[in-house]
Amino acid sequence: GEVSVTLAKKIWHDLGDDSSSKIYDIINLMKLYAFDNFGVLAFGNDLGCCKSLQMNSLALALNAIIDDSAWRLSNMFNPAATFYWLLTASNMQRQNAENVVEEYFTRTLHQKRQANVLSPGNRDLLRLFLDHFGENSPSLKSVFEIL
């Protein structure tokens, strides 16, 4: 799709004439690609990571949540990994990342409502959840938690 084309064009442009000195981290590029596709599927617009070849604040927060979840899963018998309410650095970082994601989600929903783009033709996950539950039925927090 469009995300693939954007990434390919950005890399091609970034390479320029001196392609011999450029080294790309393929894992990072695939993360950028995945986050942009997530944005398209969940919210109806990409996050712009492939265009800039770097993660924006939402992608950084999502990446932090993914890394934290993997750490917690691999350390499930560690109280610091199990109890989110403990005042640890990892719990505070996790909460900050969740706040960034929730703020983006809420802002995107309000922007879509104001722009009146929540029409049935827009089939991102946000639109599908709102169609299923009704726009006023769940709180923003409930839809955010589902996503």
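A search of the whole structure, a predicted model, finds four salt bridges. A salt bridge is a side-chain nitrogen of Lys or Arg within 4 Å of a carboxyl oxygen of Asp or Glu. One of them pairs Asp68 with Arg94, with the closest N and O atoms 2.7 Å apart. Asp68 lies in helix H4 and Arg94 in helix H6, so this pair ties together parts that are 26 residues apart in sequence. Helices (H or I, at least four residues) and strands (E, at least two) are DSSP runs, numbered from the N terminus. Residues are numbered from 1 along each chain as its sequence is written. Local features need pLDDT of at least 70, side-chain atom pairs count only at pLDDT 80 or more, totals for chains, interfaces and linings use all residues, and side-chain values use heavy atoms, with hydrogens and water left out.

Asp68 has a relative accessibility of 10% and counts as buried. Arg94 is also buried, with a relative accessible area of 11%. Buried means under 20% relative accessible area, exposed means over 50%, and partly exposed is in between (1.4 Å probe, protein chains only). The side chains of Arg94 and Asp68 also make a polar contact at 2.7 Å. A polar contact is a pair of N or O atoms within 3.5 Å; within protein, one must be able to donate a hydrogen and the other to accept it, and residues adjacent in sequence count only if both atoms are side-chain atoms.

Arg94 and Glu98 both lie in helix H6, four residues apart, about one turn of the helix. Glu98 is partly exposed, at 27% relative accessible area. A network of salt bridges links Asp68, Arg72, Arg94 and Glu98. Leaving aside neighbours within four places in sequence, Arg94 is in contact with Ile65, Asp68, Ser69, Arg72 and Tyr84. Contact means heavy atoms within 4.5 Å.

Helix H6 spans residues 89-115. It holds another bridge, in which the side chains of Glu103 and Arg107 meet (3.4 Å, N to O). These residues both lie in helix H6, four residues apart, about one turn of the helix. Glu103 counts as exposed, at 53% relative accessibility. Arg107 counts as partly exposed, at 37%.

Asn63 is found in helix H4. At 13% relative accessibility, Asn63 counts as buried. It touches Lys31, Phe35 and Met55, not counting residues up to four places away in sequence. Leu53 is found in the loop between helix H3 (49-52) and H4. Phi of Leu53 is near 55°, a positive value in a residue other than glycine. Most residues other than glycine have a negative phi. Leu53 counts as buried, at 19% relative accessibility.

A nonpolar patch on the surface is formed by Ile26, Ile27 and Met30, with about 310 Å² of accessible area together. Patches are made of residues with over 30% relative accessible area and no salt bridge; like charges are joined within 9 Å, nonpolar side chains (Val, Leu, Ile, Met, Phe, Trp, Tyr) within 5 Å. Accessible areas come from the Shrake-Rupley method with a 1.4 Å probe; for residues, only the protein chains shown count as cover. Ile27 is found in helix H2 (residues 26-43). At 58% relative accessibility, Ile27 counts as exposed.

The protein has eight helices and zero strands. Buried residues make up 29% of its 147 residues. The protein exposes about 9,500 Å², of which carbon and sulfur atoms supply 59%. Among contacts with a separation of 6 or more, residues 24 or more positions apart account for 48%.

The mean pLDDT of the protein is 79, and 77% of its residues reach 70 or more. pLDDT is the predictor's confidence in each residue, from 0 to 100. Confidence is highest in helix H4 (residues 57-74), at a mean of 93, and lowest in helix H8 (residues 140-146), at 57. Where pLDDT is low, the predicted coordinates should not be read in detail.
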